[in-house]
Amino acid sequence: MSELAKTYDPSSIEAAWYQAWQDAKAFHAEAPAKDSGKSAYSIVIPPPNVTGMLHMGHVLDNTLQDIFIRRARLEGKVALWQPGTDHAGIATQTKVEKILREEEKKTRHDLGREEFLKRVWAFREKNGGIILSQLRKLGASCDWDRTSFTLDPHYAKAVLRSFVLLYKRGYIYRGHRMVNWCPKSLTALSDEEVIMKPQQGQLFKMRYELVEPATGPDGVTRTHLEISTTRPETLMGDTAVAVNPDDPRYQHLVGKFIWRPFPRAQIPIIADKAVDIAFGTGCLKVTPAHDKADFEIGQRHNLPVIDVFNPDATLNEKAGPEFAGLDRFVARKKAVEKLKELGLLVEIEKYQNNVGYSERADVPIEPRLSYQWFLRYPKVAEAKRAVEIGAIQFHPERWEKTYTHWLDGIQDWCISRQLWWGHRIPVWYKKGIPADKLDYNNPEHVHVSENGPADPENWVQDPDVLDTWASSNLWPIANFGWPDFEGKTKAEFEAFFPTSVLVTGFDIIFFWVARMIMSSLELVGEEKKTLTDDEIRARVPFRNVFIHGLIRDEQGRKMSKSLGNSPDPLDLIAKYGADGLRFGIVNIAPSGADIFFSEPRIEVGRNFCNKLWNGCRFRQMSGPAGDNTALETIAARIDPAKLDIYDHWILSRMVETTAAVAKIFENYELSQMTQALYAFYWGDFCDWYVEASKAKLQTNAAATSLAVQDLVIRQTLLLLEPLTPHITEELWHQLGYAKGEGDFIQNTVIPSAEDLKAALAKVGADIDENAAATVAHLNELVVRMRTMKADYNIATKRDVKFVYAAGDAEAAVIDADRETLMRLAGAGKLERTANAPEGAPAGVTPLATVYIDLAGSVDVAAETQRLTKELEKLDKAIASAKARLANEKFVASAPASVVQGAKDQLAQNEAKRDEIARLMASLGK
């Protein structure tokens, strides 16, 4: 066993241990035999895109997964973490098309489908594994031998099989529906591929002429209606003007006609509850081809649909000759100019609204009517019941409401994409039959199968591919052998499915989590219209869903390269170490809520690792270790007669912390893990126990004290291993806890709180909880003494005098440990007094009331001057805050959070002022 280096160098240690784990295939898992007595534990990684690079969201998500999987190994389970990547249809195709344009000045159409796909595969082979190698740098303990890709042959088979089964069961159909359309990529988009961006737009108010003037009940004769819109470029597709049936201003106009300005045509005035009376003028131009709400109104009123846009968002001939061929935004300006010429433009107002942008192409999307493939979701009722009966549990529990709310309002899913990269839809059309004459119920017209028709020369395959989410929703079942189970595959499915926990962000509960649940319920096992509760439990893809928040910057903004607020995790790993980054990111991650990132908060992780290293180095330098290879051999070195109250206290705290961490995992509250371990190791062990034990190392109790330290450090390393695996592995070997070179820390079953107590009891070292409670009271006394020193700016002085008042029993406890207390508090004297010193600052604790003697410790004049300056600053800040809050304009117009922040700051400053006034009074000022 070599001596630990003076400073901890994470870069060399982390790389060396990860390589050792990989060489030993330490993370590989085989399904346990049914008679082995071992339980299985499994997690499937949310597959990152093959175009992806490691970002802070990946760091959080994969660190949390690794914590769960490593903890399961320490509990003696066969733990499998299934890795893999997603082909990311539109993201990957967009990237390759960009490379093609920049490097060869070509489009995919210049190459043709077959050649273009060769280029994409080459890109994937070159870049697809980058993010997985970066996850290795983070310490991710995936079973890399099982790495999956959503276009691998076994996976593609599962995707095609699912389409065919769902089609034959009536869940998949071809329809003419409104979809999100990217006019640059020329494909339909899913909702999650649309980014809503706040825009400073314009609201155009215009006048439409009534075909016949009409007089209302109020006696006012109207010749025009005023209509507000943000998109005048679509008015050429208007087929009605709608008003709310309850709006008294327009009830008499319903059923009459109005002139569409251009191309000039009579269109009806209709009544529909969807119209917002309060928005604009209360009149809505209805353009069924270019707005989802308008389309639904059109369906209800049987309105014609006039699509005036081409797929690339230029206007077509239906918009009229003067608009045909114009870009949509150019057409907007021209439409406004024409309204002005016709005297129909009333006014233009600034208007703040949210506009959907294509995530990859970064252009505004268009709602577009298009022939697409749709999925009518299966097993919706069972998906809700899975949560109701506890077959699936969300952590935190509040996300169950979000999940069920979405299922209650679920709509059919557009699963086709006009791309070349992806799973091509397994549908063939008979040549010679026009598209509008195809009978999808006639196998002579439309062929649906995994392998295609027997006479392919007579058929043409659908050119579209499936939405990426329509393949990743099979991730848990396809990676464990579905749809074909043979031998080993069947055993693995039975062992590892359902998976134990899914770790993911709340933003994809709808797009991925719910879809995986419904697909699994429908496809696992034989076809059934409804499922029993037991069948639901057997078919769900995971037992638990652990939801974490999104990482944002300190201003609450989502991290992105364009904003320059997203650090490179690899830079952070180089600076703080992977373990430091892991500890830091979990430390700032509240359960299920967004995480506000700042680099200084990550330093906590690095500092903790340094403290862990230095504490273990101190132990190594304090004396030789005996046999540290097992809990029992360490416990055997403890002489119960030589245990003092501090030994009992730290052993009690070790048992408490072990139980607390177990509860943290049981309750899925990982955000509390770092606080519990930090408080125990840094606070209890290093700051208190080691300091209190230094004197014992020169006595005949040294061997027992060192054995206690070895036991505590061993348990600490086991508790920390899921969070900081590299440094714990290094220290495990360096301090002699490993049984041999290849005996990794993960191979040791972590003792429970009960196991620890039993091992101590076996050697007669039962924990004295009364002694432990006494130390807790002594610690409170020391903390109060330290605080009082800090209050008077003398925290570093070691000759401060304290006196205390206490009963005889309490005084006996203090006197028995006086030297230790003085050393821990940094006191020169600690004496009992019968009378409280007049005017001396006091601190009350359960053991005693302690007083600080300022006469010989504080330069009263200098301290008074310092406190006076602080008081002056606070008085100014308080006066300024009160004036600000007295300003009615500020209180009325500022955001509520800003006003509350000002109130909170005022309260804090007033409390500080009162405290300083108390301190000055104690100085006689």
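How many bridges join strand S5 (residues 172-182) to S6? There are 3 bridges, and the two strands run antiparallel.

This is a predicted model, in which local features need pLDDT of at least 70, side-chain atom pairs count only at pLDDT 80 or more, and totals for chains, interfaces and linings use all residues. Residues are numbered from 1 along each chain as its sequence is written, and side-chain values use heavy atoms, with hydrogens and water left out.

**Strands and sheets**

Strands here are DSSP runs of E, at least two residues long, and helices are runs of H or I, at least four; both are numbered from the N terminus. Two strands pair if DSSP finds at least two bridges between them.

An open sheet holds 4 strands in the order S6-S5-S14-S16, with antiparallel pairing. S6 (187-189) and S16 (413-414) are the edge strands; each has a single partner strand, so one side of each lacks a neighbour in the sheet. Trp 181 stands opposite Ala 188 in S6.

Strand S26 (residues 800-805) pairs with S27 (residues 827-832) in the parallel sense, over 5 bridges. Lys 801 faces Lys 829 in S27. S26 also pairs with S29 (residues 849-853), in the antiparallel sense and over 5 bridges. There, Tyr 851 of S29 is the bridge partner of Val 803.

**Salt bridges**

Side chains of opposite charge can pair when their charged atoms come close. A salt bridge puts a side-chain nitrogen of Lys or Arg within 4 Å of a carboxyl oxygen of Asp or Glu. The whole structure has 59 salt bridges.

| Pair | N to O distance |
|---|---|
| Arg 231 and Glu 233 | 3.2 Å |
| Lys 575 and Glu 599 | 2.7 Å |
| Glu 691 and Lys 694 | 2.9 Å |

Lys 575 lies in helix H17 (residues 569-576) and Glu 599 in helix H19 (residues 599-622), so this pair links distant parts of the chain, 24 residues apart.

Buried means under 20% relative accessible area, exposed over 50%, and partly exposed in between (1.4 Å probe, protein chains only). Arg 231 is buried at 17%, and Glu 233 is buried at 0%. Glu 599 is partly exposed at 26%. Glu 691 is partly exposed at 26%, and so is Lys 694 at 32%.

Arg 231 and Glu 233 also belong to a network of salt bridges with Arg 328, Arg 332 and Glu 366.
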